[in-house]
Structures are given as structure tokens and as C-alpha cells.
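Dear colleague,

I am passing on the structure that we talked about, and below it you will find my notes on what turned up when I went through it. Please read the notes with the model open beside them.

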Amino acid sequence: IAPILEQAKPQIMAIRQESGQKIKTIRDSITSQLRPLLTAPQQAKLDAIQKAREDMRKARQEMREVAKQ
């Protein structure tokens, strides 16, 4: 079973990366459309939410890299 799963792993990773990039493109588009509609405090809150999301993404990536070692 393990060899079969290992063989499929690169394909799965490629699909995840591709879909992640597409989702980011959509999120960026939404943000660029929403930002002009927000007040300054709302924009600041959106920025904080986006930074928290990015920080969590980076932390997950670091955990994956440590787990690989």
C-alpha cells in the first residue's frame, strides 16, 4: 500500500498547490473589490484578519517542513 500512496503523493501535492493558487487569486480579487467599500477601521480589521491568516499558513508550512525532517 505504501508504494502506491507514495507514487500518488506528487500528483496530490501538485493539485493542492494549484488549487491553493487559484483560491488565493479569487481571495485577492474579492479583497480588491471590497476594500474601497470599507471604512478605515474596517480596512484595518480586514488587514489584521488577512495577516492572521497568512501567519497561520506560514506556521502550518513550517510544521510540515519540521515533520519531514
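**Salt bridges along the helices**

At a relative accessibility of 40%, Asp28 counts as partly exposed, where partly exposed means lying between buried (under 20% relative accessible area) and exposed (over 50%), with a 1.4 Å probe and protein chains only. Please keep in mind that this is a predicted model, in which local features need pLDDT of at least 70 and side-chain atom pairs count only at pLDDT 80 or more, while totals for chains, interfaces and linings use all residues. Residues are numbered from 1 along each chain as its sequence is written, and side-chain values use heavy atoms, with hydrogens and water left out.

Asp28 forms a salt bridge with Lys24, the closest N and O atoms being 2.8 Å apart; the term stands for a side-chain nitrogen of Lys or Arg within 4 Å of a carboxyl oxygen of Asp or Glu. Lys24 and Asp28 are four residues apart in helix α1, and are therefore separated by about one helical turn. Lys24 is itself partly exposed, with a relative accessible area of 49%.

Lys51 counts as exposed at 51% relative accessibility, whereas Asp55, at 36%, counts as partly exposed.

Helices here are DSSP runs (H or I, at least four residues), numbered from the N terminus. The 33 residues of α1 should span 48 Å at 1.5 Å a residue, and the end C-alpha atoms are 46 Å apart, which agrees; the expected span is 1.5 Å times one less than the number of residues.

Is Thr31 buried or exposed? Thr31, which has its place in helix α1, is buried, with a relative accessible area of 15%. Its side chain makes a polar contact with the side chain of Gln50 at 2.9 Å, a polar contact being a pair of N or O atoms within 3.5 Å, of which, within protein, one must be able to donate a hydrogen and the other to accept it, and residues adjacent in sequence count only if both atoms are side-chain atoms. Thr25, also found in helix α1, is exposed, with a relative accessible area of 54%, and the side chain of Thr25 reaches the backbone oxygen of Gln21 at 3.0 Å.

Ile26 lies in helix α1, residues 2-34, and is exposed, with a relative accessible area of 52%. Together with Ile30, Leu34 and Leu37, Ile26 makes a nonpolar surface patch of about 400 Å². Patches are made of residues with over 30% relative accessible area and no salt bridge, with nonpolar side chains (Val, Leu, Ile, Met, Phe, Trp, Tyr) joined within 5 Å and like charges within 9 Å.

Terms used:
Areas by Shrake-Rupley, 256 points an atom, 1.4 Å probe, with all protein chains shown as cover. Helix = DSSP H or I, 4+ residues; strand = E, 2+ residues; numbered from the N terminus.
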